[in-house]
Amino acid sequence: MSAVSAVLARDLRLARRAGAGASLGLMFFLVLIAIVPFAIGADQKLISRLAPALLWIAALLATLLGLDRLFQADEEDGALDQFLLSGGSLTLLVLAKALAHWLVTGLPLSLAAPVLGLMLAIEPQAMLPLALSLLVGTPALTLIGLVGAALTVSLNRGGLLLSLLVVPTAIPTLIFGVAVAKAAAEGRDFAMPLTVLCGTTLFALAISPLAAALALRQARG
Amino acid sequence: MTAFPSLRLVASGLAVRRGPRFLFRGLDVTLAPGQVMQLTGPNGSGKSTLLRLLAGFSPPDAGMVKLEGAGEEATGSFLHYFGHREGLRPALTARENLAFLAGLLGGDEARIPEALGKLGVARLIDLPVRVLSEGQRRRVALARLLVIDRPVWLLDEPLASLDVEAVATVSALVGEHAGAGGSALVATHQPLAATNATLDLAGRREAAA
Amino acid sequence: MTDQTSGSLLRLANPAVFNRLADRLIGPCAVLTTLLFIWGLYGAFFVAPPDYQQGETIRIMFIHVPSAWMAMFVYAGMSLSALGTLIWRHPMADVALKCAAPLGAGFTLLCLVTGSLWGKPMWGTWWEWDARMTSVLVMFLIYIGVIALQQAIEEPNRAARAVAILTLVGAVNLPIIKFSVDWWSTLHQPASVFRLDGPTIHGSMLGPLFIMGIAFLLLYITLLMLFMRAEVMNRRAERLELLAAEAD
């Protein structure tokens, strides 16, 4: 267990040390939201209707940002070799990295979403469900991205490829995440999509760390 | 340094194929407690490959590796692997890097200052690794051998970029380690004082059928 | 930790055996494929009656539906190959996976294009976000991902294993994606849209459709053998080049 907490603590420290670590993803999120009116016009009603979708797509992109370096940096400096010598499970170490990544991207995004929701004139009653959907759903995005990051670990410019691999798999999360916020905005019951959203996250939690660990091991053949 | 459990690293019938040829085939290696084995061979003869394979990072194309006396525990938790890539993050200080490795590999954080002292880089402890010179970085990285007790050391060119004084220090450390019942397989071209066995990979290449 | 002597023997032997077999089978398969296509297309265009609602456009179905079948069939085969690569490290499994992916992507694209051609007269637009078409589109993206990863990783063994893992991750996720897209579609779409599979398939259409299905399958098998034979020879040539370079 101490190996897991060591990885978690180091990644969080690195994020802090890189200065912008956590806030950079947030700024990216903000910039994406800020360009929306320029792209679709300052039509308050339209923006309000699109808001849940926009916030979710922005969250997906912000999560993908930087994922390509998640394992690459460890591979380049040899830390990944040391991971394999910890004597513990690589899957758990990979999970610790995912947790660190989510704590500095997904979590701040979810917390900031209501504020950005205000700018997008989202229905007040949808504000909390939207934040909740992001809180529950962004871990799935990170976990799905984890597999892509592991598969592209040896590639220098893996970022675009990673997005290509990850985005189709993230479709269910996107569908049910947006559905929660939409249902809430229209005053409907959102228990069903929220439950399924939790399901996709749990499924990703069960599968992704295993697949990512396998991919990392195989990448060193 | 504490006494180690008696562990023998035994590899038999190892073969590694690279495209049309075998780097080596039918290679047997036994590393017993107290042994410091120097691994030599020309560039491309598979020294690094052999070390990584013994560390369990990649499977051989044939043959097997086992650690006798390790019991049920994962082989990896008895090994140190020290390669070209040192496992240090430029943004973290020497202390933070070693503390991370100690947490990861099950070492004692409290030994960091002493370990750095032995390698002659005690005063660099709170500097980010990014500002260190190549040789200083290698010394900081080598300190993990002292911070984390592991019986079997697999060292790939540990003396690269080190000055004469540091080379002597590392030789002495390897000797001490062997004296305490540990063992080491060291790929290097420089003479290593503690050496008491050799393994030469030269001329082992052969074309695959 | 691992003993793979027997594995490496298999590794040497099999590609040669495969190529000898392929040499013998490709010709007859190609002939059979052509005959079946002639038979199937004749049935589709001259025997099957026009649909009472869709008229002559229904004939697109004879291309569209078999390519949809193949899109799924090829992916299933790729998933098996992926298991072969990861579990048994069988070299031909990797060759099969690598060669099947572009073919599968081709069938999927054909399915999308014919669907779009069919949709134009039916829906009045080239693209409708209908659940089936959307699922096929996502499947196409997954195929593209597999091919892109294959091409991006230069070291063949690494590429093989990474692609195998990606293929399996895709296989596990496809049912979930299908379920979510279906659910999403009920949420967004009015129910009155023409479904591409059509509510009824006239009995006289089934015969030609079945023959077209077999023809597509044989076409796939023929092309796969052709591609795999070329890939095996390619790899052998690369090995020989390396050996020659060393001898110099």
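Two strands are said to pair if DSSP finds at least two bridges between them. With that in mind, consider strand 4 of chain B, where the bridge partner of Ala11(B) is Val65(B). That contact belongs to the pairing of strand 1 with strand 4 of chain B, which is antiparallel and extends over six bridges.

Good morning, colleagues. What I present today is a predicted model. Its scores are ipTM 0.90 and pTM 0.88.

Let me begin with the antiparallel sheet of chain B. Which strands make up this open sheet, and in what order? There are four strands, in the order 4-1-2-9, and their pairing is antiparallel. Strand 4, residues 62-68, and strand 9 are the edge strands; each has a single partner strand, so one side of each is left without a neighbour in the sheet.

Within this sheet, strand 1, residues 8-18, pairs with strand 2, residues 21-31, of chain B in the antiparallel sense, and seven bridges join the two. One position to look at in your display is Leu14(B), which stands opposite Leu27(B) in strand 2 of chain B. Strands 1 and 2 of chain B form a hairpin, with two residues between them. In the turn, Gly19(B) has a positive phi of about 60°.

The next sheet shows the parallel case.

This open sheet of chain B has five strands in the order 5-6-7-3-8, with parallel pairing. Its edge strands are strand 5 and strand 8, residues 197-200, of chain B, each pairing on one side only. On average, neighbouring strands of the sheet are turned by 15° against each other, direction ignored. Strand 5 and strand 6, residues 152-156, of chain B pair in the parallel sense over four bridges. In strand 6 of chain B, Leu155(B) is the bridge partner of Phe82(B).

What does helix 1 of chain B, residues 47-54, touch on this sheet? Helix 1 packs against strand 3 (36-40), strand 6 and strand 7 (183-187) of chain B, and its direction makes about 150° with that of strand 7 of chain B. Helix 1 of chain B also lies across strand 1, strand 2 and strand 4 of chain B, running at about 130° to strand 1 of chain B.

I now turn to chain A. Helix 3, residues 44-64, and helix 8, residues 124-151, of chain A pack with their axes 10 Å apart, at an angle of about 30°. Angles under 35 degrees count as roughly parallel, and helix 3 and helix 8 of chain A are therefore roughly parallel to each other. Their crossing is right-handed. Among the residues that meet are Pro52(A), Leu55(A) and Leu60(A) from helix 3 of chain A, and Leu130(A), Leu134(A) and Gly145(A) from helix 8 of chain A. By class, this contact has nine nonpolar, four polar and no charged residues.

Next, the interfaces with chain A. In chain B, 24 residues are in contact with 22 residues of chain A. Helix 2 of chain B gives the most to this side of chain B, with six residues. The residues on that side divide into twelve nonpolar, seven polar and five charged.

For chain C, 23 residues are in contact with 21 residues of chain A. Helix 4 (131-152) and helix 5 (156-188) of chain C each supply at least two residues of the side that touches chain A. Which element of chain C provides the largest share of that side? Helix 5 of chain C does, with 14 residues. By class, this side of chain C has 17 nonpolar, four polar and two charged residues.

Finally, a word on confidence. Chain C has a mean pLDDT of 84, and 87% of its residues reach 70 or more. Over residues 1-13 of chain C, however, the pLDDT is below 50. Residues 190-196 of chain C likewise stay under 50. Where pLDDT is low, the predicted coordinates should not be read in detail. Thank you for your attention.

Notes: Residues are numbered from 1 along each chain as its sequence is written. Chains are lettered from A and ligands numbered from 1 in the order in which they are written. This is a predicted model: local features need pLDDT of at least 70, side-chain atom pairs count only at pLDDT 80 or more; totals for chains, interfaces and linings use all residues. Two residues are in contact if their C-beta atoms, placed from the backbone, lie within 7 Å. Ala, Val, Leu, Ile, Met, Phe, Trp, Tyr, Cys and Pro count as nonpolar, Asp, Glu, Lys and Arg as charged, and the others, Gly among them, as polar. Axes are lines fitted to C-alpha atoms, for helices over the stretch in contact, and angles run from 0 to 180 degrees between N-to-C directions. Angles under 35 degrees count as roughly parallel, over 145 as roughly antiparallel, 65 to 115 as roughly perpendicular and the rest as oblique. A crossing is left-handed if the near helix is turned anticlockwise from the far one by less than a right angle, and right-handed if clockwise. pLDDT is the predictor's confidence in each residue, from 0 to 100.
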